[in-house]
Amino acid sequence: MRLRGVLFLLLCCLNQQLAIAASGQESVQSLPDAPVPAGTADNSTAAEGSASVSGTVLDVSGAAVSGATVILMQMGEGQQRTIRSGADGGLAFSRISPGSYVVVAAAPAFQQSASAEFILAARQAYQVPSLVLPIAEATTEVVVRPTEVIAAEQMKAEETQRVLGIIPNFYTSYVWDAAPLNAKQKYSMAMRETFDPVSFIAVSITAGVEQASNAFPGYGQGAQGYGKRWAARFVDGRTSDLLSHAVFPALFHQDPRYFYQGSGTKRSRVSHAVSSAFIARSDSGRTMPNYSYLLGDICSGALSNAYYPASSRGANLVFTNAAIGLAGRAGANIILEFFSKRITRNARGDGKPAPISSAP
């Protein structure tokens with residue numbers, strides 16, 4: 001009996017020890033994880049955006065440039081940040097990631113300036129050497145245009161000039177130093193003027209006056225006589241215009257226009273007007289005998305022998321028409337110099353500049 005009691009006590013003790021062991025193992029497994037020490041954490045995230053850049057923007061005299069545009073550019077990444085320099089010219093960028101950078105500064109009236117490339121490390125405070133902005137150089141833009149382009153513009157303006165808004169005044173240049181016309185432009189202007197509708201009206205009136213005065217009686221009277229006079233006068237005018245305004249000016253490199261003087265004494269202006277019928281301006285700007293008008297009138301008179309009445313033909317007709325043509329040009333130039341500008345629509349320019357008189 002005593003032995004059974006001892007065995008029973010031993011068995012109870014063993015069961016109690018097993019229960020305690022099982023209970024202790026379970027409690028250990030249910031304990032929470034121990035905290036990780038702060039010093040062992042990953043520091044890469046904390047290092048991002050921890051660097052800074054500062055500096056100053058100055059001009060060449062050392063004065064601060066406020067309001068300058070300052071750009072921080074990350075090389076190879078294409079990323080940039082922009083700020084304005086402060087009143088003291090200061091600049092400051094913060095929360096910058098490590099990498100390679102350049103700072104560029106620019107301001108109105110200054111040339112831009114850039115720093116040397118620099119590399120930022122995490123948490124680095126970098127001081128950029130002062131960015132000095134040189135004064136921008138003043139530039140003057142000069143537009144050079146071909147002479148023929150300028151001449152074309154001036155010719156186009158001249159072809160709008162009309163006395164009383166009706167009668168063509170194409171061959172008067174109120175621009176004293178007008179660009180010379182090339183050969184093509186001389187022919188173009190001659191065709192434009194000689195076949196202007198107003199010229200047909202002038203021919204009709206002239207033929208009527210000749211009919212009434214029985215000029216060139218070989219033509220007769222009546223409608224047939226008027227038609228012959230009209231045709232003769234029309235051909236006279238066309239050949240004279242084309243020869244004196246295009247053919248010979250292109251051949252001798254002369255300008256067929258009358259250049260309005262508009263200043264100086266009356267005597268000098270009259271002299272200029274009359275002499276322009278005999279003296280021409282060359283395409284290079286020099287003066288020379290007016291071969292264009294002289295030969296144009298003579299050749300036109302010679303051609304008239306082909307269609308004028310036989311009784312009116314001969315050398316006398318040629319030189320009479322030439323003389324009348326030259327005298328008519330001289331008289332027309334006087335009218336152009338003193339009267340026509342005031343009644344010409346679209347007359348641009350004031351002629352020859354008046355000389356500047358110096359005070360004694």
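The side chains of Glu 337 and Arg 269 meet in a salt bridge, at 2.8 Å from N to O, where a salt bridge means a side-chain nitrogen of Lys or Arg within 4 Å of a carboxyl oxygen of Asp or Glu. Because Glu 337 lies in helix α9 (residues 315-343) and Arg 269 in helix α7 (residues 266-275), the pair ties together parts that are 68 residues apart in sequence; helices here are DSSP runs of H or I with at least four residues, numbered from the N terminus. Both Glu 337 and Arg 269 are buried, a word used for under 20% relative accessible area, with exposed for over 50% and partly exposed for values in between (1.4 Å probe, protein chains only).

## About the model

This is a predicted model, in which local features need pLDDT of at least 70 and side-chain atom pairs count only at pLDDT 80 or more, while totals for chains, interfaces and linings use all residues. Residues are numbered from 1 along each chain as its sequence is written, and side-chain values use heavy atoms, leaving out hydrogens and water.

## Other salt bridges

The count of salt bridges comes to eleven. In one of them, Arg 192 pairs with Asp 196, the closest N and O atoms being 3.3 Å apart; Arg 192 is partly exposed because its relative accessibility is 35%, whereas Asp 196, at 2%, is buried.

Asp 350 and Lys 341 also form a salt bridge through their side chains, at 4.0 Å from N to O. Asp 350 counts as exposed, with 62% relative accessibility, and Lys 341 as partly exposed, with 23%. Glu 158, Asp 255 and Arg 257 are linked in a network of salt bridges.

Technical notes:
Helix = DSSP H or I, 4+ residues; strand = E, 2+ residues; numbered from the N terminus.
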